[in-house]
Each structure stands twice: as structure tokens, then as C-alpha cells.
Amino acid sequence: MSETATTSGPLIHPGEWHIHYDYAVGDTAARFFTELRDNMKVYARRCPSCGRAFVPPRAYCERCFVKTTDWVEVGPEGVVEAFTIVYEPFDGLPVPPYAVAYVTLDGASTALANFVTGVDLSDPEVASEALALGSRVAVAFAGKREGMITDFHFELLGHNK
Amino acid sequence: MPTKTAIVGVGQTGYRFKRTDVTIQELAQDAAAKALEHAHMEMADIDAFVIGVAPDALIGIDNVDRWIGQALGVAHRPQLRVNTGGTTGAAAAQAGYVHVASGMFRTVMVLAADKVSETPDAQWVLNTAMDPIYERSLALNAINMCSFQAVRQMSQYGVTERQLAAVAVRSRRNAAANPYAHLRDPITIDDVMSSRYVCWPLKLLDCCPRSSGACAVIMAAEPQAASSPNRPAWIQGMGATSNTIYMGDKMGPGRDTDHADWDELAIAAASAYERAGITDPLSQIDLAEIYAPFTCTEIAAVEALGFCAKGTGGAMGEQGMFDMGGPMPVNPSGGVLSANPISATALARVAEAALQVMGEAGEHQVPGVRRAVATGIGGTLQFHTCMILGDDA
Ligand SMILES: [Zn+2]
């Protein structure tokens, strides 16, 4: 495992990728994001076969492989199913600390991810206790909404295990 | 009936943080040359190639399999790329096995190489593998997706951070005997517990490193395999499952598997066990090489493989069940926590399991191995593979 040394150490060529994309979200996600942006509501898409209410909404039920049909409003409150508190900085990702949780909104069959606010993250032990699974959260909308998943986040309501 | 197939040669470069002395295709050449030498074969003896390459942006070369293939001198023979994220190397082994077991090819080289350390942005790259519409802007990456598993294990089963730490300590202890491992310095429970939180509850020492290295495995059909100068490691069973990319679908009331568990790996294992005639894994398997990039993932895996009951993997590990010399040695090589050249990581599990069956694992050889299991996982814990290797066909 010898490292070949030149007089000034290994020869390194830098590289970088800058690639721009414009993702069309499709009609199903567009309806979801439009409701977030214009009406501050969260909608799930229900499978007519198994009855699951999917958030984020999908055009097809990925279990039954049939087209989903009805839109059903879910939330605005829900329960924490999993969370993490990120303390490590990663290039290209937000400045830590921040908390991300999966939350089952009332009436939904699946859990939806988003950032959680309203928790002091400075002490990991205290913060993780506050966010414990089973905690209740509510959807809180941003003042300026752009039809993105970040138009809302979760706000901790209090422990209700 | 599938053609009986065995691994007859293994080549590993050894895994290190950086390899500034070689390009990625030169790394691949070194692993291939070692595998050929081990198998007492020449490149002309190989009928087809399966090359595992995980997401391109991890190394910043688009479709590097094109470079690797030509570097191996594949001319006039088939070459196929496989990519299933972290599972890549094991999925490549799965594809290689099907190549031979189908009767279409007598010999196949399965090879994977990576130089993940050439970008500091691996977690950013893995973030780009998330749904760009619904989830990417939520800063999800490979570490926090496993944190979601760990926090559910802690809540549902009472897994403790000390139990997680015990996995890391054992991995390093084993790695000390494996010259190919990247991280070989012993660590203590206190070292792990006092390391900084990366994504709570996972701390720095609960996490795998970023490594560079390559691994190659040569598979051959009977009778070529039976006449190998090495003891062949016969592929007795293979299973694989896929599931949703949406982790939230494995948490809400509509879930049919749970993100805390690896019910998907249990399905893959059931398929592999059935083919291998295994009904009691604890007594019929001698060791496991498990793809566990984080401590919590190993706990889910030992349960899914049927070594202990669901919810008990953490406690059993803490009590020494998976130590060298214990009832079921797990990751004698030191595992993924001691070396993670992403594309090659899951293939290294297959290679190490094969070496154990061949009796050639060196200082970390488990005595008297007749059968070993190797697993792979990838995606948002969505792809799972399980391969059984044994000393008879
Ligand atoms: Zn359905």
C-alpha cells in the first residue's frame, strides 16, 4: 500500500460537477404542493383496493399496483414515528443542529418526513427525550410558501405516549 | 436445476482511506490479478464479467465500469454493470451466480472497486439518491436513514446506546486480525460512548469509514470448480428482496414491514436457507459476514437471519453471542464498520465468507467452517441479499 510520492507529494487533479435540473413534479404531487401552498392543507391519496392513505401521495398504490383515486385531508396533527438530530456538518446540507422526523399525520397510513422546530437541540439527551416516539406534533406552515415540501415543518406539541 | 456453482478465487486489495498511487481502474486490475492468482487461472479463462459500481457521483466518474472493463481486458466477452446502492457488490455476486448457475457461462469474474475518499461530499451525493420531489430537501442521507432505524429499535425493543457501542468494539477487535481492514485500532465502549453525535443516536464510532479498495471473486461451474486447486466455496443458496424507497411507508399504520427490523432480509434469508436446506441457522451456519455500515444495522440483521429473536440482537451481542469463539461469530473480518469501499463493500462480505469456507481467512479464520452466510443491503434499507456458501455442493 505504498503511496507514490513525487517531490511534492501525490499529484492530485481537482474535479467538480455542477449540473442543473428542472424536475416536473407531475400532476399528483402538483396537487399536493398546491394545497400546501395555497390552502395550507396536507392531502393524502387513497388506494381504492387496500384503503391506505399515502403521504406523500403517489399516483399508484405501490402495494396493490392500482391507481390511487381519492384525495383525503390528513393532519394537521400527528405522532412522531422516528427522528434524528443531526449534529455533524455535511457539505451541501443544512448547518447543524437540526431535527428531522417521520410523522404519521392523523388519518394517514404512512409517515411523512420533515424538519421539527420548537425543540432546544443543544443538549442531545434532553432534546431526544422531548422528541421521543409517540410525541405529538402539528404541521406549521411557512409564511412564504413556494409549493415545496419545505412549505411546512413539524412543531412539537408535547409528549403523549 | 441450477448448475452447481462455487467461488474458486478471491482477490482483495486491502482497504485504506486513500490510494493516491493508483487510479480506480488500476485498483480493479490489482484485485483481479490477485483473484486470478488465487484461483490459478488466467484472464483468458474468464467467460464473462459482472462489475459492481455504486452511484457514479461518489467517485465523480460517470459509468466507471466502462473504464474498469477495458482495464481488465474484457475484449470480446460480455460485461455487465450492477448498481443497487450499498448492496451493489452483493447484487453483482448475485448476478454472477445467475450467470453460472444458468448454464450460460462456465466462469465469471465479479469485481467491484471504489475510491469514496476522493470526495468529502459522500453524504451530499447520497442525499441526491433521495426523492427529489418529496424528500431530498429534508437533508436525508445514509447516516440519518439508519438513525431512524436505531431510534425505532431503542423505542420498541429497548436497545441501548451501550449495546450499539458493543457492536463497534467487537468489529474493531476482529479487524485487528485482518490486514485488509481500514480501521484496525482497538476501541472501548467508553471510546464509542464519548465520541461525538453525528446523527443522534448514532455517534462517530457507530459509523463506518469511507474507504478505497477493490474486491474480485471468481465463480466457476462444476466440474471446473471441483477440480480447482483450492477448496471450493459452493454457493448453496441465494435470496434477494426489494422494498419501497419511502422509509415512512415502513413506519405508519399501513406498514407491512417495520423500519426497526429487517423483515426484508428475513425474506431473502428464508429463500436462501430453503435452497441451502437450512432449517436451524444457529446450528447449521458457522459464521456470518453481515453488511452493517452502522452498529444498529447489525442488530437488525442478526435477528433477521434467525440467530436470535426479534428485539434481542442488542442484548445478545452485548453478552458475547457474536464474538469470535462465541456461538455465532459475526464479521470476523471486522465488517463494514472497519472498511467501507462502497461499491465493493457487499462483495467483500461474500469474499470473506468464501475465504472462511476455503479455510484461507488467515488470522481471523474461524476454525472448522463448513458453512457461512453473507448479506448485503442498500438503498434506503430497501435492497437485501443473502448468500450461503458451504464446503459441499
Ligand atoms: Zn393498495
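Reader: Which side chains does Lys310(B) or Asp261(B) meet in a salt bridge, and at what N to O distance?
Author: This is a predicted model, so keep that in mind throughout. Here the two side chains pair with each other: Lys310(B) meets Asp261(B) in a salt bridge, 3.5 Å from N to O.

Reader: Where do Lys310(B) and Asp261(B) lie?
Author: Both are in loops of chain B. Lys310(B) lies between helix H10 (295-304) and helix H11 (313-318). Asp261(B) lies between strand E8 (233-242) and helix H8 (263-276). The two are 49 residues apart in sequence, so the pair ties together separate parts of the chain.

Reader: Why can side chains pair like that?
Author: Side chains of opposite charge can pair when their charged atoms come close.

Reader: How many salt bridges are there over all chains?
Author: A search of the whole structure finds 28. Between chain B and chain A the count is 4.

Reader: Give me one between the chains. What does Asp249(B) meet?
Author: Asp249(B) meets Arg58(A) in a salt bridge. The N to O distance is 2.8 Å.

Reader: And how many residue pairs are in polar contact between chain B and chain A?
Author: 16 residue pairs, with both residues at pLDDT 80 or more.

Reader: Which three residues of chain B supply more of its buried area than any other three?
Author: Tyr134(B), Leu138(B) and Trp200(B). Together they supply 18% of the area that chain B buries against chain A.

Reader: Back to E5(B). Which strand of chain A is joined to E5(B), and do they run parallel or antiparallel?
Author: Strand E4 (residues 77-86) of chain A. The two run antiparallel, and 2 bridges join them. Within this pairing, Val86(A) stands opposite Cys199(B).

Reader: Let's switch to chain A. How many helices and strands are there?
Author: Chain A has 2 helices and 8 strands. Along the sequence, the pattern is α-β-β-β-β-β-β-α-β-β.

Reader: Which strands form the open sheet in chain A?
Author: There are 3 strands, in the order E2-E1-E3, with antiparallel pairing. Strand E2 (53-54) and strand E3 (70-74) stand at the edges. Each has a single partner strand, so one side of each is left without a neighbour in the sheet.

Reader: How many bridges join E1 of chain A to E3(A)?
Author: 5 bridges join strand E1 (residues 42-46) to E3(A). In this pair, Arg46(A) stands opposite Asp70(A).

Reader: What about the backbone? Is the peptide bond from Val55(A) to Pro56(A) cis or trans?
Author: That bond is cis, with omega near -5°. Pro56(A) lies in the loop between E2 and E3 of chain A. Chain B has a cis bond too, from Glu222(B) to Pro223(B), with omega near 10°. Pro223(B) is in the loop between strand E7 (212-221) and E8 of chain B.

Reader: Why point those out?
Author: Because most peptide bonds are trans, and most residues other than glycine have a negative phi. His76(B) is a case for phi: its value is positive, about 70°, although it is not a glycine. His76(B) sits in the loop between helix H2 (65-72) and strand E3 (79-82) of chain B.

Reader: Last topic, overall shape. What radius of gyration does chain B have?
Author: Chain B has 19 Å. A compact globule of 393 residues would have a value near 21 Å, which agrees. Its C-alpha trace spans about 55 × 45 × 40 Å along the principal axes. Chain B has 12 helices and 11 strands.

Reader: And what radius of gyration does chain A have?
Author: Chain A has 21 Å, but a compact globule of 161 residues would be near 15 Å. Along the principal axes, its C-alpha atoms fill a box of roughly 70 × 40 × 35 Å.

Note on methods: Residues numbered from 1 in each chain as written. Chains lettered and ligands numbered in written order. Heavy atoms only, no water. Buried area = accessible area lost by both parts, 1.4 Å probe. Polar contact = N/O pair within 3.5 Å; in protein donor to acceptor, adjacent residues only side chain to side chain. Pairing = 2+ DSSP bridges. Helix = DSSP H or I, 4+ residues; strand = E, 2+ residues; numbered from the N terminus. Rg over C-alpha atoms; globule rule 2.2 N^0.38 Å.
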